[in-house]
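Work through the exercises below with the coordinates loaded. Each task is followed by a solution in steps.

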Amino acid sequence: MMAMFRSFVSAAQLRQHQQQNGAAAAAPGESLESQFSCPICLEVYHKPVSIASCAHTFCVDCLQPCLQVTSPLCPLCRMPFDPKKVEKSSSVEKQLSSYKAPCRGCSKKVTLVKMRSHISSCTKVQEQMANCPKFMPVVPTSQPIPR
Ligand SMILES: [Zn+2]
Ligand SMILES: [Zn+2]
Ligand SMILES: [Zn+2]
């Protein structure tokens with residue numbers, strides 16, 4: 001009986017330890033979908049582009065207004081960047097087409113790259129939006145900061 005108790009405790013401690021280690025890579029409870037969400041529109045990336053100097057990724061359409069000014073700043077970290085050094089993030093794009101996440105409405109597994117079009121046509125999501133008109137998406141500060 002004592003041995004069983006001890007092994008239970010050490011397993012619990014181990015689990016806690018693993019959680020603490022994991023927290024550095026991704027916040028606990030962080031969904032795959034939120035890891036691949038644009039900090040501006042809070043949706044899964046659509047045509048992701050990365051800023052070379054700080055490696056932050058945004059949808060091309062979301063970053064576009066920032067590129068119109070003479071000295072653009074990263075919308076996330078406010079670091080000045082060279083608009084010529086904004087590149088299509090093919091690694092993120094590749095991951096978007098290889099990962100699946102459950103739809104927030106119908107829980108059907110959808111490839112991340114198709115998530116936007118699924119959400120716009122998913123009746124469950126439409127129902128949810130209609131039920132709570134003041135629905136606030138995740139705040140940008142909860143997004144992981146890529147290093
Ligand atoms: Zn976006
Ligand atoms: Zn940045
Ligand atoms: Zn759905």
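**Exercise 1.** Determine whether Lys 88 is buried or exposed, and find its salt-bridge partner.

Solution. The model is a predicted one.
- Step 1: the relative accessibility of Lys 88 is 57%. Exposed requires over 50%, so Lys 88 counts as exposed.
- Step 2: Lys 88 pairs with Glu 93 in a salt bridge, with 3.6 Å between the closest N and O atoms. The cut-off for such a pair is 4 Å.
- Step 3: Glu 93 has a relative accessible area of 24% and is partly exposed.

**Exercise 2.** State how many salt bridges the rule gives, and describe the one formed by Arg 104.

Solution. 
- Step 1: the count is 2 salt bridges.
- Step 2: Arg 104 meets Glu 43 through their side chains, at 3.3 Å from N to O.
- Step 3: Arg 104 sits in the loop between strand E4 (100–102) and strand E5 (109–111), and Glu 43 in the loop between H2 and E1, so the pair ties together parts 61 residues apart in sequence.
- Step 4: Arg 104 is partly exposed at 31% relative accessibility, and Glu 43 is partly exposed at 23%.

**Exercise 3.** Locate Ser 37 and identify what its side chain reaches.

Solution. 
- Step 1: Ser 37 belongs to the loop between helix H2 (32–35) and strand E1 (48–51).
- Step 2: its relative accessible area is 7%. Buried means under 20%, so Ser 37 is buried.
- Step 3: the side chain of Ser 37 comes to 2.6 Å from the backbone oxygen of Glu 33.

**Exercise 4.** Explain why the buried residues of H3 line one face of the helix.

Solution. 
- Step 1: in helix H3 (residues 60–67), the buried residues include Cys 62, Leu 63 and Cys 66.
- Step 2: viewed down the axis of H3, the buried residues fall within an arc of 85°, so they line one face.
- Step 3: Asp 61 and Pro 65, on the other side of H3, are exposed.
- Step 4: the buried residues of H3 pack against E1, strand E2 (57–59) and strand E3 (86–88).

Methods: Residues numbered from 1 in each chain as written. Chains lettered and ligands numbered in written order. Predicted model: local features only at pLDDT ≥ 70, side-chain atom pairs only at ≥ 80, totals over all residues. Heavy atoms only, no water. Helix = DSSP H or I, 4+ residues; strand = E, 2+ residues; numbered from the N terminus. Buried < 20%, exposed > 50% of the residue type's maximum accessible area, 1.4 Å probe, protein only. Polar contact = N/O pair within 3.5 Å; in protein donor to acceptor, adjacent residues only side chain to side chain. Arc of directions from axis to C-beta. Contact = heavy atoms within 4.5 Å.
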